[in-house]
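Me: I have a new structure to get to know. Can you walk me through it?
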Amino acid sequence: MTRLSLAVSRAIARVTDSALGPYQTAVLRIGFSLTWLLFLLREYPHRQELYGPDSPWSWDLAAQLVGSNDAFTVLLWSDSQVWFEAVYALAVLFSLLLLLGWRTRSTAALFMVGVLTLQNRSVFMGDGGDNVLHIMSVYLVFTRCGQVWSLDARRARRAGEARARGERTPDRAGPALWAVLGAVLLLGSLADRTDGDWFIPALLWAVWLGQAVWWLVGRLARTDQPRILLDVVANVVHNGALLVIMAEACLIYATAGWYKVQGSRWQDGTAVHYPLHLEYFSPWPSLAELFTASGTLVMLVTYVTVVVQVAFPFTLFNRRVKNALLSFMILEHAVIAVVLGLPFFSLAMIAADAVFLPTSFLRRTGRLAARVRERLRPRADAAVVPPQRRPDGAPGGPPAVGPAEAAPVTDGVPGPRT
């Protein structure tokens with residue numbers, strides 16, 4: 001009983017003391033925001049046909065569907081062209097800010113609003129990756145995804161260094177952003193624009209009130225106890241959301257694998273052959289012909305795909321097997337992106353897979369990226385190595401300095417003594 005109680009106490013301490021998987025959630029943040037940002041930029045010339053007034057799924061049809069399923073979208077607040085252009089531009093901006101990790105708690109909520117707004121406006125525009133992005137954008141709101149590889153992490157580090165020097169760093173951008181978001185939420189509520197789906201408006205209000213409580217505790221609390229309590233709550237919410245994200249990824253692969261098992265084309269090993277010869281999924285016909293030239297290769301890829309998807313959830317507790325299957329799935333999605341012409345579906349799935357990547361691998365990748373960045377852009381405050389100088393009194397050197405004479409000072413740095 002003592003061992004059990006100790007194990008339970010350690011588990012509780014681990015869940016409450018820190019936000020687990022900071023590198024994994026940072027990759028999720030970067031991956032999903034980059035996927036959505038690239039999609040919006042790629043489809044910018046076609047935005048009117050996808051989500052705007054020229055869409056085959058008209059504004060009236062979208063209003064009728066949203067009225068029946070209570071989906072959340074701010075595009076139906078107005079059928080104005082100016083409103084559509086503003087919402088699309090803001091969706092691009094929020095994706096970029098989340099990618100950079102600026103005010104991630106607020107921008108994650110705004111990123112979710114942008115994703116749900118556009119996708120719920122035209123529900124038939126997508127390739128499967130939009131469903132993953134739709135779900136994960138909601139989960140990201142509950143995570144502390146800006147602890148590493150973000151502007152938030154850099155700002156927190158600089159604030160800690162300033163506090164160590166006894167300096168105060170006023171935060172003006174945070175309260176200003178909070179006030180603007182609160183005004184928009186209040187206006188939307190008063191105008192009865194959030195009377196459909198109750199969950200998303202309630203989540204936005206919870207994020208807004210949570211930010212206010214966090215700021216007030218940091219400013220007014222005389223002891224560390226209230227801030228510690230808020231940290232514990234945030235860690236528990238983050239860890240719970242991370243667990244749900246992992247379960248969701250496993251569920252996606254498990255259901256896909258078991259549905260494939262029931263298909264006759266997957267059973268006879270020919271399923272991979274058919275999508276490679278569909279005109280819609282053949283941006284490179286010669287490459288598709290190369291892949292399907294060998295019937296043995298097609299059969300192996302078909303069976304291995306099913307086996308990996310079914311077996312992956314059962315390999316999470318074996319690190320080596322899990323990493324091997326994870327590498328295969330990431331490689332498979334990369335091949336799908338090129339051969340079938342589904343880059344955004346593959347990016348979304350690779351981002352979801354990243355939650356299972358080893359922390360050591362992500363840290364090494366981060367250090368490698370930092371070294372590459374330093375080589376491409378040398379730091380402005382890097383120390384300059386002074387040129388080699390000859391000894392005093394040597395030919396071509398400065399005159400000898402007497403024992404009682406001090407060496408000159410240049411730019412505030414004392415010169416060498418002899």
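Reply: Let's start with a term. Contact means heavy atoms within 4.5 Å. With that, residues 24 or more positions apart account for 72% of the contacts in the protein chain with a separation of 6 or more. Keep in mind that this is a predicted model.

Me: How many helices and strands does the protein chain have?
Reply: The secondary structure comes to 17 helices and two strands.

Me: And what share of the residues counts as buried?
Reply: Of the 418 residues of the protein chain, 36% count as buried.

Me: Let's zoom in on a helix pair. How do you even describe one?
Reply: Two packed helices are described by the angle between their axes and the distance between the axes.

Me: OK, at what angle do α9 and α10 cross?
Reply: Roughly 145 degrees. The axes come within 11 Å. Helix α9 covers residues 173-190, and helix α10 covers residues 199-220.

Me: Is that crossing left-handed or right-handed?
Reply: α9 passes α10 in a left-handed crossing.

Me: Which residues meet there?
Reply: From α9, there are Pro175, Trp178, Leu181, Gly182, Leu185, Leu186 and Ser189. They meet Leu204, Trp205, Trp208, Gln211, Ala212 and Trp215 in α10.

Me: How do those divide into nonpolar, polar and charged?
Reply: The contact of α9 with α10 has 10 nonpolar residues, three polar and no charged.

Me: Switching topic. Where is Arg103?
Reply: Arg103 sits in the loop between α5 (81-100) and α6 (104-121). Its phi is positive, about 50 degrees, although Arg103 is not a glycine.

Me: Why is Arg103 called buried?
Reply: Because its relative accessible area is 13%, and buried means under 20%.

Me: What does Arg103 touch?
Reply: Leaving out residues up to four places away in sequence, Arg103 touches Asp152, Arg155, Asp171, Ala173, Gly174 and Leu177. Take Arg155: Arg103 and Arg155 are 52 residues apart in sequence, yet their C-alpha atoms are 9.9 Å apart in space.

Me: Which other residue has a positive phi although it is not a glycine?
Reply: Asp70 has one, at about 55 degrees. Asp70 lies in the loop between α4 (59-69) and α5.

Me: Why does Asp70 count as partly exposed?
Reply: Asp70 has a relative accessible area of 38%.

Me: Last stop, α14. What span should that helix have?
Reply: At 1.5 Å a residue, the 17 residues of α14 (295-311) should span 24 Å. The end C-alpha atoms of α14 are 24 Å apart, which agrees.

Me: Which residues of α14 are buried?
Reply: Val298, Thr302, Thr305, Val306, Val308, Gln309 and Val310. These buried residues pack against α11 (225-261), α12 (264-267), α13 (285-292) and α15 (319-339).

Note on methods: Residues are numbered from 1 along each chain as its sequence is written. This is a predicted model: local features need pLDDT of at least 70, side-chain atom pairs count only at pLDDT 80 or more; totals for chains, interfaces and linings use all residues. Side-chain values use heavy atoms; hydrogens and water are left out. Axes are lines fitted to C-alpha atoms, for helices over the stretch in contact, and angles run from 0 to 180 degrees between N-to-C directions. Helices (H or I, at least four residues) and strands (E, at least two) are DSSP runs, numbered from the N terminus. A crossing is left-handed if the near helix is turned anticlockwise from the far one by less than a right angle, and right-handed if clockwise. Ala, Val, Leu, Ile, Met, Phe, Trp, Tyr, Cys and Pro count as nonpolar, Asp, Glu, Lys and Arg as charged, and the others, Gly among them, as polar. Buried means under 20% relative accessible area, exposed over 50%, partly exposed in between (1.4 Å probe, protein chains only). The expected span of a helix is 1.5 Å times one less than its number of residues.
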